[in-house]
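This report concerns the arrangement of a sheet and the pockets of a protein model.

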Amino acid sequence: MTEGTTSAAAEGADTLTRLEQEGEIAADYLEGLLDIADLDGDIDMDVEADRASVSIISDASSRDLQKLVGRDGEVLEALQELTRLAVHRETGDRSRLMLDIAGYRAQKRAELSELGAKAAAEVKSSGEPVKLKPMSPFERKVVHDAVKSAGLRSESEGEEPQRFVVVLPA
């Protein structure tokens with residue numbers, strides 16, 4: 001191993017340790033919230049795509065956890081921001097942590113990937129750009145990734161909360 005390889009490996013290990021620490025802080029914070037709300041849920045931590053990922057799952061009826069998702073994921077978004085703030089308070093670093101509750105984001109990611117692939121197919125066949133409906137930053141990121149994997153490019157246009165994705169011909 002060369003010196004550059006050794007330092008890159010050490011940097012990767014430091015990043016993993018930092019992200020695992022973020023996940024632990026987030027899990028502690030979310031466990032406290034679940035206790036306060038008297039909701040049952042298990043917390044699963046992982047590191048995905050260079051960010052900490054925390055999920056709240058339940059074996060029981062996920063109807064209780066749906067309260068934490070809210071309409072169109074609005075409560076989930078707010079809880080994610082509060083959790084990021086809790087991590088920031090403990091570490092002093094900005095967190096890019098992703099929170100999922102009752103599989104909402106996983107299901108949404110699958111739907112959005114399909115939407116991005118369909119829009120890319122439409123652009124390939126017509127040669128014309130396709131504008132999608134306004135989306136949250138998370139939703140736009142998933143669509144951008146799906147379009148990129150289909151071999152096309154996309155851009156976000158507009159101002160929040162009306163920001164949307166435009167899929168462009170190659």
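In this predicted model, three strands form an open sheet in the order 4-6-5, paired antiparallel. Strand 4 (130–134) and strand 5 (153–157) are the edge strands, and because each has a single partner strand, one side of each is left without a neighbour in the sheet. On average, and ignoring direction, neighbouring strands are turned by 20° against each other.

Strand 4 runs antiparallel to strand 6 (residues 164–168), and three bridges join the two. Valine 130 has valine 167 of strand 6 as its bridge partner. Helix 4 (residues 104–126) lies across strand 4 and strand 6, at about 155° to strand 4. Helix 5 (residues 137–149) also packs on the sheet, where it touches strand 4, strand 5 and strand 6, and its direction makes about 160° with that of strand 5.

| Pocket | Volume | Lining residues by class |
|---|---|---|
| Largest | about 650 Å³ | eight nonpolar, four polar, 14 charged |

The largest pocket is lined by 26 residues, of which Arg51, Met98, Arg109, Phe138 and Lys141 are the closest to its centre. Elements giving two or more residues to this lining include strand 1 (42–48), strand 2 (51–57) and helix 3 (74–91). Helix 5 gives the most, with five residues.

For the second largest pocket, 14 residues form the lining, and Asp72, Gly73, Tyr104, Ser136 and Glu139 are the closest to its centre. Helix 3, helix 4, strand 4 and helix 5 each supply at least two residues of that lining.

Note on methods:
Residues are numbered from 1 along each chain as its sequence is written. This is a predicted model: local features need pLDDT of at least 70, side-chain atom pairs count only at pLDDT 80 or more; totals for chains, interfaces and linings use all residues. Side-chain values use heavy atoms; hydrogens and water are left out. Two strands pair if DSSP finds at least two bridges between them. Helices (H or I, at least four residues) and strands (E, at least two) are DSSP runs, numbered from the N terminus. Axes are lines fitted to C-alpha atoms, for helices over the stretch in contact, and angles run from 0 to 180 degrees between N-to-C directions. Contact means heavy atoms within 4.5 Å. On a 1 Å grid over the protein atoms alone, a cavity is a set of points where a 1.4 Å probe fits but cannot get out, and a pocket is an open set with protein on both sides within 12 Å along at least five of seven lines; lining residues have an atom within 4 Å of a point. Grid points are joined across faces, edges and corners, and a volume is the space filled by probe spheres set on the points. Ala, Val, Leu, Ile, Met, Phe, Trp, Tyr, Cys and Pro count as nonpolar, Asp, Glu, Lys and Arg as charged, and the others, Gly among them, as polar.
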